[in-house]
Structure formats: structure tokens, C-alpha cells
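Let's take a walk through this fold, from the strands to the helices and then into the core. Keep the viewer open as you read.

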Amino acid sequence: MAAVALEAAAGGQCRLRPFSCELGLLSRPDGSAAFLQGDTSVLAGLYGPAEAKISKELPDRAALEVLLRPKVGLPGVMERSREQLLRQTCEAVVLGVLHPRTAITLVLQVLSDAGSLLSCCLNAACMALLDAGLPLATLFCGVTCALQLDGTILLDPTARQEQQREEGADGQHQGQLLRGGDAAVPGCSPARRRHHLPVLP
């Protein structure tokens, strides 16, 4: 396990909480990873490529399914929205054409949410793909950033800071900063593929 803390001298604004990752924690999945970012942690398990159900089978590529499980309760609208973003991101980098008519399932279990959950899920998903040995066009990662009213960018906000942003004035945005090499990251034009800042729902 390796822990990394990144910090810039710009008044503490450009700073990430310490993060760490551990692979191969689970025995049943084909790939697994635990990603910890501050007090936010996500456990990811990847199954496949395996035989797909006829109803979900795709003749030219693997069918990818992403399931996001909250810490408590059942998945809601927010989880479904995040599942779609995670699935589109993974589909952009997984070379599914090498495994046609198969199914790949990625299950993400939220262990604790202390802010920047979506970026933690993205990082856990990438590590699980690596641990499973799936062919990838490139790697990706996620960093949550919040645009404050004074124009400064706050990286890796905590849950309390996210709540303060939501309670703040209009015009404030939150998003995930993805680095995907030359991968066709969803919703991003070719000229901006290296830096993608979609607005969260």
C-alpha cells in the first residue's frame, strides 16, 4: 500500500487529501481494489469477461455493467447517474472489441463518504480494471474540484465543503477532472480530451 499526498503552495487551495490504494483484496472477483482518499473509501470488484445473457449480449464488443452500492440503503437517482458516468468512462478505455459477446460487471461499494465520492469511485474502478488484467486503451483518474465564488478552484473538497458549496450562491459548479490520455472521454471534444470538467447533476 502506498500513500501519496500532493500539496501546492497556493494558500492550500491546490491540495489533495492523502490517498492510498490496495489491489487484490477480494478472492471471488477477477479483479478488486480498495481506494481511500482522505476519509472517503470505495471497494471495487470486477467480474469478467464472462458469458453474457442473450438479452445483454453484444455481437461486436463486451457488454459493460456498473453497479454502485451506497453505504446504507438502496441505490437512488444519484447512484444511477454516477453509474452512467462510470460506465461511459470505462467503456471509453476498455478494449471491449477483443471480447465480443461477453459481459463485464463492475461493482463499487461505498464504505465511507467524506466528500469527493465520484472521483474516488473513478479511481477505484481504474485500479480494479488494472487488477483484472483487462486490455485498456489508456488509464484514467478523477479529481473533484469546486469553483468558488471568488474564481479560485478548491481541489478535493470534503463533505462539509461540498455542502457549503451547495448552500452557496448560484453559479457555482462541481465536477471531475479526468486524465485519459487520448481516450474518447464521454462528453469531451477531441481538443479537450486531456482535461474534462463536466458539471455534476
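Two strands count as paired if DSSP finds at least two bridges between them. Helices (H or I, at least four residues) and strands (E, at least two) are themselves DSSP runs, numbered from the N terminus. A word on provenance: this is a predicted model, in which local features need pLDDT of at least 70 and side-chain atom pairs count only at pLDDT 80 or more, while totals for chains, interfaces and linings use all residues. Residues are numbered from 1 along each chain as its sequence is written, and side-chain values use heavy atoms, with hydrogens and water left out.

First, the overall layout. The protein chain comes to three helices and nine strands, and from the N terminus on the elements read β-β-β-β-β-α-β-α-β-β-α-β. Of its 201 residues, 41% are buried, where buried means under 20% relative accessible area, exposed means over 50%, and partly exposed is in between (1.4 Å probe, protein chains only). Contact here means heavy atoms within 4.5 Å. Among contacts between residues at least 6 apart in sequence, 61% join residues at least 24 apart.

Now follow the strands. Strand β2 (residues 19-23) pairs with β3 in the antiparallel sense over five bridges, and Ser-20 stands opposite Leu-36 in β3. Strand β3 (residues 31-37) is mostly covered, with six of its seven residues buried. On to strand β4 (residues 40-51): β3 and β4 are antiparallel too, over seven bridges, with Val-42 of β4 as the bridge partner of Phe-35. The hairpin of these two strands has two residues between them, and Gly-38 there takes a positive phi near 65°. β4 is also joined to strand β6 (residues 102-112), again antiparallel, by nine bridges; in that pairing Leu-46 stands opposite Leu-106 of β6.

Leaving aside neighbours within four places in sequence, Ser-41 touches Phe-35, Leu-36, Gln-109, Val-110, Leu-111, Ser-112 and Cys-120.

Next up is helix α1. It covers residues 77-93, which is 17 residues, and reaches 25 Å from its first C-alpha to its last, close to the 24 Å expected at 1.5 Å a residue (the expected span is 1.5 Å times one less than the number of residues). Which residues of α1 are buried? They are Glu-79, Arg-82, Glu-83, Leu-86, Thr-89, Cys-90 and Val-93. These residues are on the same side of α1 because they cover an arc of only 135° around the axis, the arc being that of the directions from the helix axis to the C-beta atoms. An α-helix has 3.6 residues a turn, so residues three or four places apart point the same way.

Two loops are worth a look for their backbone. Arg-101, in the loop between α1 and β6, has a positive phi near 60° without being a glycine, and is partly exposed at 44% relative accessibility. Ser-116, in the loop between β6 and α2, also has a positive phi, of about 60°, although it is not a glycine. Is Ser-116 buried or exposed? It counts as buried, at 1% relative accessibility.

Finally, the core. A nonpolar core is a set of buried Ala, Val, Leu, Ile, Met, Phe, Trp, Tyr and Cys residues joined through side-chain atoms within 4.5 Å. The largest one has 30 residues, and Leu-106, Leu-108 and Phe-140 touch the most other members. β3, β4, β5 (63-69), α1, β6 and α2 (117-132) each supply at least two residues of this core, and the largest share, 10 residues, comes from α2. Leaving aside neighbours within four places in sequence, Leu-108 has contacts that include Val-42, Ala-44, Val-66, Leu-68, Leu-86, Cys-121 and Ala-125.
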